[in-house]
Amino acid sequence: MDHPVASTPTLSAQPLCIPFDPAPDPLELLARVATRCYPALLDGASHHDGLGRWSYLAWDPVAVVHASAEEWPEVETIIRATIRAHTPPPQDEPPFRGGWIGWFGYELGRAFDRQPVPARDDVGAPAVAMALYDTVVAWDHLTGNCWLVSSGITADGAIDQARARERLVHLAEECHAPVRDSPPQTSGPSLAGDHGITAFREAPSGLRGDFTAEGYQDAVDRVIAYVLAGDLFQANIAQRFVAPWTGSALELYRRIRERTPAALGACLDHGSHAALSASPELFLAFDSGTRQVTTRPIKGTRPRGRTTAEDLELADALSGSAKDRAENVMIVDLLRNDLARVAVTGSVKVPTLAELETYPAVHHLVSTVTAEMRQGLDALDLLRATFPGGSITGAPKIRAMEIIAELEPVARGVYCGAIGWLALDGSMMLNLAIRTVTLTGGTAAIHAGGGITARSVAAEEYAETLDKARGLIAALLEQP
């Protein structure tokens, strides 16, 4: 539904933005504020193809929203009340200058489409966990610049310029404070029931899976049967591993970052739940000034080789794989259709299709899809049209989600949702929350999955999930 132009807030004062020199390291500054309320780091730890240029750190939000999928209409109202018609920031200043940071869990999709309820949710992470930050520290890793930003926004969406100035002074003081003690482990519901990272071909000891190896492969075979019966073209099936974790979110995120830095990393601590992400996949980028939308689906994976020759062989095999390319093209078509719901007619384009990209632990095939959003629609309309991402559901999307709910034994939660920011000017940038750990009540949960088509081989699909998870598993179990 288009939103009347008259409902757009009038032009408001620009956020205050001052250089911070010398720029601190984002993880070191996170350590300084790790015991404050809802610390949130969006971490451009790897500058892959222009992604990862920016990092943002914020804490002590002015408002927090934890909500279920059924409460989404109220969440929309709260978020829209804070969006202002700012002029776009200068090109050399951060695109995010305060606003909402958090996650949209996979099961939020029930608010938008006919998504079935999962068999079991023993984590209980909110479907929406978003916090409104009036101040933020921003890093430009391309230029080496850093800024302190203060918007002066209050919990009810009002802009207070005097407060913005006061908060900017306070932010500078906080950034120079000594490192605090590590945050205590929070309580919450317990769970029931370089290429130097070791490749796994079975789940390492110390992890408990919701599937056995045979059980996961049986689920893959059942998807193949659905495909051959004409029920669908592809479905993404994931498995979950859990292990004890009694340290802080920051400690585990530091280990993950050392092993598998990501362009769209994140460390978000919401008390009883924390989300740590090393995602390389851009789900949505929306520029409210230009109205441009970009998504970069990943489909097709091979592990990195132990030698240069083996690495090149694996990369060449992925580039030449008809199965993986077909899988990628199917998801590109799905995303083109999703974007067409909100795009200017004829504006949906595919600048790159199934190109090889190499990451610390894996090779991937990646495509880029762009569009121009229609006037009268905003970032939340874009989210509604495309969530959850097609690369982690399947095609057709609704039927794929039904089969996911049938075959996966537990809710996905944060995994396969989205993590990122929604700015006060209405711009948005979200990762696809793959390579993501959820911490809950002394337990860490890691999911990994893959797209299943008629050409899939169950044993190979199982091995691929371990390839995708190995950086996170190595960090959790302190393996090389």
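The following legends describe close-up views of a predicted model. Local features are reported at pLDDT of at least 70 and side-chain atom pairs at pLDDT 80 or more, while totals for chains, interfaces and linings use all residues. Residues are numbered from 1 along each chain as its sequence is written, and side-chain values use heavy atoms, without hydrogens or water.

**View 1. Helix α10, residues 458–477.** Helices (H or I, at least four residues) and strands (E, at least two) are DSSP runs numbered from the N terminus. Because 17 of its 20 residues are buried, α10 is largely enclosed by the rest of the structure. Buried denotes under 20% relative accessible area, exposed over 50%, and partly exposed the range in between (1.4 Å probe, protein chains only). Glu478, which follows α10, has a positive phi near 55 degrees.

**View 2. The surroundings of Cys146.** The sulfur of Cys146 is 7.4 Å from the closest cysteine sulfur, that of Cys175, which is too far for a bond. Cys146 is buried, at 3% relative accessibility. The whole structure contains zero disulfides, a disulfide being a pair of cysteine sulfur atoms within 2.5 Å.

**View 3. The largest pocket.** Its volume is about 880 Å³, counted as the space filled by probe spheres set on grid points joined across faces, edges and corners. Among the 38 lining residues, Trp54, Pro95, Ala285, Trp421 and Met429 are the closest to the centre. Strand β20 gives the most to the lining, with four residues. On a 1 Å grid over the protein atoms alone, a pocket is an open set of points where a 1.4 Å probe fits, with protein on both sides within 12 Å along at least five of seven lines; lining residues have an atom within 4 Å of a point.

**View 4. Backbone geometry at Pro388, Pro396 and Arg435.** Cis peptide bonds join Phe387 to Pro388, with omega about -10 degrees, and Ala395 to Pro396, with omega about -10 degrees. Pro388 lies in the loop between α8 and β18, whereas Pro396 occupies the loop between β18 and α9. Arg435, in the loop between β20 and β21, has a positive phi of about 50 degrees although it is not a glycine.

Notes: Expected span 1.5 Å × (residues − 1).
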